[in-house]
Amino acid sequence: MKPLTLKAFSNLTSVVCFVCAVAFAAASLGLYTLVGQLDRQIDMVERQSDPNVIAMNEIVGNLGFGGMIHAFKNHLLRGGEEIRVFDQSTGAILSNLDKLERQLGAAHEADIEAVRAMVEDYAAQIEVVRRIRAMDDQVEAIDRVVRVDDSHAAAALDNLRKAVIEDGESTKWKVLFELRRALGYDGMIHHFKNYVLRKSPDYQTQARAAIDRALVALEAYRSFGVNETEAAALDDLAGVIVDFRVNLDIAAEMIAAGATAAELDAAVGVTKDAAYAAFITLGKQIQLEYRACLADLHAQMALLKQGAVAMALIVCLGVIGFSLGLHYVIERIVVRPAAAIAQGLGALAAGETHVDLSAYASDTEIGRIARASRRFREALVDNIRKSEDLRGLSLERDDMLREHARMVAERAEYTTKRAALERLRADEQEDLQNLRDAIGTVIENLENGIFNYRIDEVYEATHLGGLARDINRMLSRMDEAFRALAKAVVAGDQALPGGPDPEDVRAATLMRESMTHALQTLNDAIEEVQRGAEMLRYAKP
């Protein structure tokens, strides 16, 4: 296998990191998508479980179709057990109004109070209806007595609808609210009953408009996707709505024919139990869907947790595996060769030349360092050899320098000695000259008959001083001899008639001349010595 270069390893590491980053990004994107789905589901669950929307549904449901206003109108028209439905619906409405008031706060307190006042008005009027019906069964007359102004309550309900229902995205609960509103209070059943009681065409028009809104709400509900149970409930509601539309036409014909409210009510009655059950079914299905959505949300959350744990585990294992692989590769292609090369270079730096790094001389950056280290070793060996040669030359040079220094020292010593010798020669020359001059003076004195002159005995050269002393002793003896001779001659001459003996005089003269000649010869010898010393002075060393 071809050795992996550091550049190739760097590129490979970058590719691996890039692939890991892409994989991690993909996993993160998957988790992000799942989290987005969960967010949407959570939002849907929150919307489906909005307590304000549910409370509004309960209020409108208990207020309208099959509720309080429906029961009030039926009791007005028919009497009987409708009062029980009225009481149940009224209690439910007031309870949900209290709940909504706590949830919405003071901002909609006036609207809630207006609806509550309307409910209380109808509750008061139902008692009036009960008492009047016990005495008179004229429905139209009773209706005129117990008529309640719904305008404030209708406006208040619309404000609450805008605040609760129109806020945010549409849900099944909101569509169900619109369906109940279209069919209930201030809707189809309300205007239908008023049309039967009061026979005003405006109520017919409002009832038809409410039916159209109800049909639109049915289609809006279907757009969310419905199951079979919900589809059946919607079909039942659609059937009841169609029946009411048909009965509006029948009621219009009867009103034109002069029918009374009781006759109209008896002729246009619609079986509404299926519609009541449909509303209950839709509410339950929404609750079941909410629970299913909540269960799915919990499942998605569990999946998200598992995915996060799995992703963390995969990332952890991947990082560990990548780190171990990276450590192995770096140890194999970088650390070990680099450590061996560093150890080899250390050995080379310590002077060991047997280091062999050829095993790492591959075609990589480390290999190039190993080859450079080998060339460094070769250069080091060559430098050591040259250093040894230079060391030998240096030793020879040192020997030459020492020899030269010795010669210089000898020459300096010779120069010093020669200078001393020169000074000695100069002193001896001067002493010899002085001695020669002194001897010359002695000779001149001897020639003149003066024997008491003596030579200075103080000289630098000891032998000259000794010579001077010897000459002085000789002169002293000759002087004594001449003096003795002179006394003898004088005594002899006095004894002899005719003066000194010529032989004595001649002997004294010969003695003096002999002494003078001896001194002259000595003086010549000293001069010869002086010339010899002068020649030695200029002789080459």
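The protein exposes about 30500 Å² of surface, of which carbon and sulfur atoms supply 58%, with accessible areas taken from the Shrake-Rupley method with a 1.4 Å probe and, for residues, with only the protein chains shown counting as cover. The model is a predicted one, in which local features need pLDDT of at least 70 and side-chain atom pairs count only at pLDDT 80 or more, whereas totals for chains, interfaces and linings use all residues. Residues are numbered from 1 along each chain as its sequence is written, and side-chain values use heavy atoms, with hydrogens and water left out.

Of the 541 residues of the protein, 34% count as buried, a term that stands for under 20% relative accessible area, with exposed meaning over 50% and partly exposed the range in between (1.4 Å probe, protein chains only). The protein has 16 helices and zero strands, where helices (H or I, at least four residues) and strands (E, at least two) are DSSP runs numbered from the N terminus. Among contacts (heavy atoms within 4.5 Å) between residues at least 6 apart in sequence, 73% join residues at least 24 apart.

A search of the whole structure finds six aromatic pairs; rings of Phe, Tyr and Trp (its six-membered ring) pair if their centres lie within 6.5 Å, and planes under 30 degrees apart count as stacked, over 60 as edge-to-face and the rest as tilted. The rings of Phe-65 and Phe-279 have centres 6.1 Å apart and planes at 55 degrees, so this pair is tilted. The pair links distant parts of the chain, 214 residues apart, with Phe-65 in the loop between α2 (51–63) and α3 (68–78) and Phe-279 in helix α13 (residues 273–349). Both Phe-65 and Phe-279 are buried.

For Phe-192 and Phe-244, the ring centres lie 5.1 Å apart and the planes stand at 85 degrees, so the pair is edge-to-face. Phe-192 belongs to helix α9 (residues 188–198) and Phe-244 to helix α11 (residues 228–256), so the pair ties together parts that are 52 residues apart in sequence. Phe-192 counts as buried at 2% relative accessibility, and Phe-244 is likewise buried, with a relative accessible area of 2%. Ring pairs link Phe-65, Phe-192, Phe-244, Tyr-276 and Phe-279 into a cluster.

On the surface, Val-15, Phe-18, Val-19 and Val-22 form a nonpolar patch with about 380 Å² of accessible area together. Patches are made of residues with over 30% relative accessible area and no salt bridge, with like charges joined within 9 Å and nonpolar side chains (Val, Leu, Ile, Met, Phe, Trp, Tyr) within 5 Å; a salt bridge is a side-chain nitrogen of Lys or Arg within 4 Å of a carboxyl oxygen of Asp or Glu. Val-22 is found in helix α1 (residues 6–48) and, at 43% relative accessibility, counts as partly exposed.
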